[in-house]
Amino acid sequence: MILVVGGAGFIGSHMCKALEAAGEPFFVLDNLERGHEAALRGARLVRCDLRDRDAVAEVFRQNDIEAVIHFAAYIEVGESVSEPARFYENNVVGTWNLLEAMRSTGVGRLVFSSTAAVYGEPDEVPIPESHPKRPTNPYGETKLAVEGMLRWYEAAHGIRSVALRYFNAAGSDPDGEIGEDHRPETHLIPRILLSVLGRADFKVFGDDYDTPDGTCVRDYVHVCDLCAAHLGALRYLGAGGTTAAFNLGNGVGFSVQEVVDVVAEVTGRRLEPEVAPRRSGDPARLVASSGAARTALGWAPEHGRLDEIVGTAWGWFRSRPSGYGD
């Protein structure tokens, strides 16, 4: 049985659907603070907070868990800067509680949803796994701290893990059953689509970067491709793979203006967003090299075209303009 921690969130709910399609038995642990029970489509849910060590331990004692996929983290960079203690408590202490529950019950495999924010300002693009780790915000620092714990827990307790680092999960379930519903929404593609629907404003922060059109270039990976990588990581560990970290990315990146243009093509509605000054700390290009994941996990993105990423996201927002409505 696979435990999906944070399975009611955006990526977690898509992971549950991917596990179901693969015939893998699973259940979900989520406190529903930022997730949506409706996104689980009837999958078994144990409502529990990772910060409650005793409750987490009891979940492991009562269930035959073979492996864990961990998505339960706070992710908003700005919030991490203003509320660092909350991020360390939830992201680091919560994962420590999870690892202790795994150790005490002999669960030895973990796939961890990390972030390419562990690298900070890049010295080279695409960014390889060997790049120095210099997070520029508490969010990235908490993910890097967890990656450190994972290495030491393998050395001390034999818990093997894979950390998957990526920048921007995007798109939605092609069937339109589940999608992205953050509150508030800060991610680029959904914010542009919500602005098309009149539910959010949208600004381009800087158009004078050293990029082909002057706007920032970012790496977007379709959420279904991310789930395929997590499945590949489970199989890698199941075959005896040792603790490792892999980047996931398209390898090319798309500019903010390219995203705006593709949204116009997909929706048939042209936007003329306001251009605002650059935000402090925004690099011109953030793109991850995913060659190692392609080799070790047999992974390759199948939904890498920007029009497909935007199109699936638009299908969700158009059919569910109020998200899950809870």
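Predicted model: local features only at pLDDT ≥ 70, side-chain atom pairs only at ≥ 80, totals over all residues.

User: Which residues touch the most other members of the largest nonpolar core?

Analyst: A nonpolar core is a set of buried Ala, Val, Leu, Ile, Met, Phe, Trp, Tyr and Cys residues joined through side-chain atoms within 4.5 Å. Buried means under 20% relative accessible area, exposed over 50%, and partly exposed in between, with a 1.4 Å probe and protein chains only. The largest such core has 38 residues, and the most other members are touched by Leu-19 and Leu-164.

User: Which element gives the most to this core?

Analyst: Helices here are DSSP runs of H or I with at least four residues, strands are runs of E with at least two, and both are numbered from the N terminus. Elements that each supply at least two core residues include α1 (10–21), β6 (160–165) and α7 (223–238). With nine residues, the most comes from α7.

User: How many residues are in the other core?

Analyst: Another core lies apart from the largest one. Among its members are Leu-193, Val-204 and Val-262. Its residues number 29.

User: Is helix α6 enclosed by the rest of the structure, or what else describes its place, buried or exposed?

Analyst: Helix α6 spans residues 188–196, and eight of its nine residues are buried. Its cover includes β7 (168–170), β10 (220–222), α8 (256–267) and α10 (306–319). So α6 is largely enclosed, with most of the helix buried.

User: How are α8 and α10 oriented to each other?

Analyst: They pack at an angle of about 60 degrees, with axes 9 Å apart. Axes are lines fitted to C-alpha atoms, for helices over the stretch in contact, and angles run from 0 to 180 degrees between N-to-C directions. Angles under 35 degrees count as roughly parallel, over 145 as roughly antiparallel, 65 to 115 as roughly perpendicular and the rest as oblique. Therefore α8 and α10 are oblique.

User: Which residues of α4 meet α2?

Analyst: α2 and α4 (residues 84–105) pack at about 35 degrees, with axes 9 Å apart. From α2 come Arg-53, Val-56, Ala-57, Phe-60 and Arg-61, in contact (heavy atoms within 4.5 Å) with α4. The α4 residues are Trp-96, Asn-97, Leu-98, Glu-100, Ala-101, Met-102 and Thr-105.

User: Does Leu-32 count as buried or exposed?

Analyst: Leu-32 sits in the loop between β2 and β3 (45–47). Its phi is positive, about 60 degrees, although Leu-32 is not a glycine. Relative accessibility is 16%, so Leu-32 counts as buried.

User: What is the relative accessibility of Arg-41?

Analyst: Arg-41 is also in the loop between β2 and β3. Its phi is positive too, near 55 degrees. Arg-41 counts as partly exposed because its relative accessibility is 32%.

Methods: Residues numbered from 1 in each chain as written. Heavy atoms only, no water.
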